[in-house]
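Hi,

Here is the structure I promised to pass on. Have a look, and then read on for what turned up in it.

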Amino acid sequence: MAVNTPLKQNTLSDWAYLAVEKHFHKSIKHEVDVIEDKDPEALHQMRVGMRRLRTAVTGFAPALDLPKEAQEKNIGKIARTLGELRDLDVLQEALKNDYQPALPKSEQAAIETALDYLTTQRQKAYKKVKSTLEKSPYQDFKQAVQSWLKNPTYRLMGQIPIVAVLPDLLLPQISNLLLHPAWLVGTQSEAGEIYTLDELSKKDIEKELSIHGENLHKLRKQTKRVRYQMELFADFYGSTYAAYLKDMKAVQEVLGQIQDSVVLAEFLAKATGSGSNSLPPKFAKKLAQNRYEAWQKWQILQKRYLNTSIRQSFRSELLRPKTVTNNGFDSKNGVKSY
């Protein structure tokens, strides 16, 4: 059952509307630039905007009554199409700026071959993005959201004060994150205690990543979901919440560095027709060094989130959102009013 709810900015539906409106407009404002393919940053911003819109639609699902064309599944398809092109831009930037200048002449031919292959793949991905943005279901999605924003409807739960349900919105995603098995990669258990293996050699780390790399990548994706959802509600919490949010960004980034090096190795092997064990030696060494450095950063965060006190504190913080008054947030908290 759907109901119309006036905008008072203190109910779940009020904040759902603001989130959908903000991230929808932030996404589509880059549409023309992406179609013209003149600025990689426009593609990046539109992809991030669609991801955040998807998180908003998922996070506020108990309140939102969106038309079929504007639901999470369709947003995800559009975001993935943008992501295929954006991932190639990231690869190109890394090859040109981070690796090619540091490699000897004997390995430059392999990089040039990879860049030529990448250009061909990018042309295909760009045609797919252009076609997606110029036709349905993207055009149907855009029309559906614009119509909904003019005449929004909500589910019954939309009427409940947002501070009464914030922990219920956040805790499921946080629980999925903290229960992810990738936190135990590179650890051992003794007498009920978990210890990280701090003295692993580069060779041992490469072995761990070859076995558990996909699992760490899944943890990264879950961390990204948590980060985006926490950002939706950041105004309701204080500095402690902000510190946990900063940690989520750090976990996402460091696991992203590991995944990027794996993807880069696979791409070069495919582009040059060589096996993953036959990469140019200096290139392979630099990839391994980057993974090793990222692993050291990962272990610091891993230890922190295997700590029972930190986990309990994280959950407890989510149970204490700030009060929303008719003038905005409680002024004692020093947070801006709306």
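How do the residues lining the largest pocket divide into nonpolar, polar and charged? They split into 10 nonpolar, 14 polar and 22 charged. (Ala, Val, Leu, Ile, Met, Phe, Trp, Tyr, Cys and Pro count as nonpolar, Asp, Glu, Lys and Arg as charged, and the others, Gly among them, as polar.)

Before the rest, some housekeeping. This is a predicted model, where local features need pLDDT of at least 70 and side-chain atom pairs count only at pLDDT 80 or more, while totals for chains, interfaces and linings use all residues. Residues are numbered from 1 along each chain as its sequence is written, and side-chain values use heavy atoms, with hydrogens and water left out.

Back to that pocket. On a 1 Å grid over the protein atoms alone, a pocket is an open set of points with protein on both sides within 12 Å along at least five of seven lines, a cavity is a set where a 1.4 Å probe fits but cannot get out, and lining residues have an atom within 4 Å of a point. Grid points are joined across faces, edges and corners, and a volume is the space filled by probe spheres set on the points. The largest pocket holds about 1700 Å³. Of its 46 lining residues, R47, R51, D87, R220 and K224 are the closest to the centre. Helix 4 (72-99) provides the largest share of the lining, 13 residues. (Helices are DSSP runs of H or I, at least four residues, and strands are runs of E, at least two, numbered from the N terminus.)

The second largest pocket has about 500 Å³. Its lining has 20 residues, and E206, V262, A265, S276 and R291 lie nearest the centre. Helix 8 gives the most here, with six residues.

There are also two cavities of 30 Å³ or more.

Last, H180. It sits in the loop between helix 7 (166-178) and strand 3 (187-190). Is H180 buried or exposed? H180 counts as buried because its relative accessible area is 14% (buried means under 20%, exposed over 50%, partly exposed in between, with a 1.4 Å probe and protein chains only). Leaving out residues up to four places away in sequence, H180 touches N215, K218 and L219 (contact means heavy atoms within 4.5 Å).

Cheers
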